Amino acid sequence: MKLDLRELALFAEQAVTKAGDRISELRRREKIEVNYKDFGELVTSADLLSERVIQEAIMDKFPGHRILSEENGIHSWDNFNFDGPVWVVDPLDGTVNFARNLPHYGVSLAFALDGVVLAGAVYAPDLNCTYVGIKGEGSYCNGERLRIRQCTSLLDAVIGTGFPHDSAKVQPAIERVNRLRRNCRDIRRFAAPTVDICYVASGKLDAHTESLAPWDVAAAGLIAREAGALSCHVQVVPDGIPNELYGEEVIFTTPGIFDDLLTLLRMESE
């Protein structure tokens, strides 16, 4: 399959920008309708609008491509077939922030071929930031090349993390936070991992780690890696799931603290 990665990246950028602007306009114009998914996770009319805008754009331009999206009902993604061309969509990451008028939320779209992410974009409307990554060609924010921050000491690192919606999984996350806090300079929890991972790419964070889904890590992970970050997982990735699309206990980090951070988190999970 012959692919123009720059064309794919431009399409992703245009799609997330259009969707992000539409939901920002929706919030200004009318009250956002809020419902709940499993474990009390919010889903709003804005999530569904954004998903519809992006899916329609994909189906119009790439009718033979499949779509994996957070809101389209495919939640048993561990059985999803990642072969061939797949678009991975997070129509609104940071829904609670969006609903509360907090600026940390984003719209994410990535293109993967046979499980390898080749192009992607993350748009954070209230932060006026559009992040774009192209495999082998770097990553950018508003057209400017991104570079990770050089950090060689875990004690000097500022690390992003998050908490699961499932209350049964909160305690291990709290233990992770306690361990991180004792061994790094500080931690941050912005509650929009697609944006948080892009913060690693731009040097605002030295690392980000939590348990996520493919739509959280697809575009942002590519953007971070193309800026010089390393990515890995605390535990072994299950067979049949591409490394770049597996989000459980994922780590994105500047290389200088990679070994120490991975060792710290693996000690916790033993």
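Reply: Two strands count as paired if DSSP finds at least two bridges between them. Keep in mind that this is a predicted model.

Me: OK, how many bridges join S10 to S12, and do they run parallel or antiparallel?

Reply: Strand S10 (residues 158–160) and strand S12 (residues 207–210) run parallel and are joined by two bridges. Ile159 has Ala207 in S12 as its bridge partner.

Me: What order do the strands of that open sheet come in?

Reply: The order is S11-S10-S12-S14-S13, five strands in an open sheet with mixed pairing. Strands S11 (186–188) and S13 (230–233) each have a single partner strand, so one side of each has no neighbour in the sheet. From one strand to the next, the twist averages 20 degrees.

Me: Which strands does helix H4 lie across?

Reply: Helix H4 (residues 170–183) lies across S10, S11 and S12, at about 140 degrees to S11. Helix H6 (residues 214–226) also packs on the sheet, where it touches S13 and strand S14 (250–253). The direction of H6 makes about 30 degrees with that of S14.

Me: Switching topic. How do S7 and S8 run, parallel or antiparallel?

Reply: Strand S7 (residues 129–134) and strand S8 (residues 138–141) run antiparallel, with four bridges. Tyr131 has Cys141 in S8 as its bridge partner. Their hairpin has three residues between the strands, and Gly136 takes a positive phi near 85 degrees there.

Me: And what about S8 and S9, how many residues lie between them?

Reply: Two residues lie between S8 and S9 in that hairpin, and Asn142 in the turn has a positive phi of about 50 degrees. The pairing is antiparallel over two bridges, and Tyr140 stands opposite Arg145 in S9.

Notes. Residues numbered from 1 in each chain as written. Predicted model: local features only at pLDDT ≥ 70, side-chain atom pairs only at ≥ 80, totals over all residues. Heavy atoms only, no water. Axes fitted to C-alpha atoms, helices over the stretch in contact; angles between N-to-C directions. Contact = heavy atoms within 4.5 Å.
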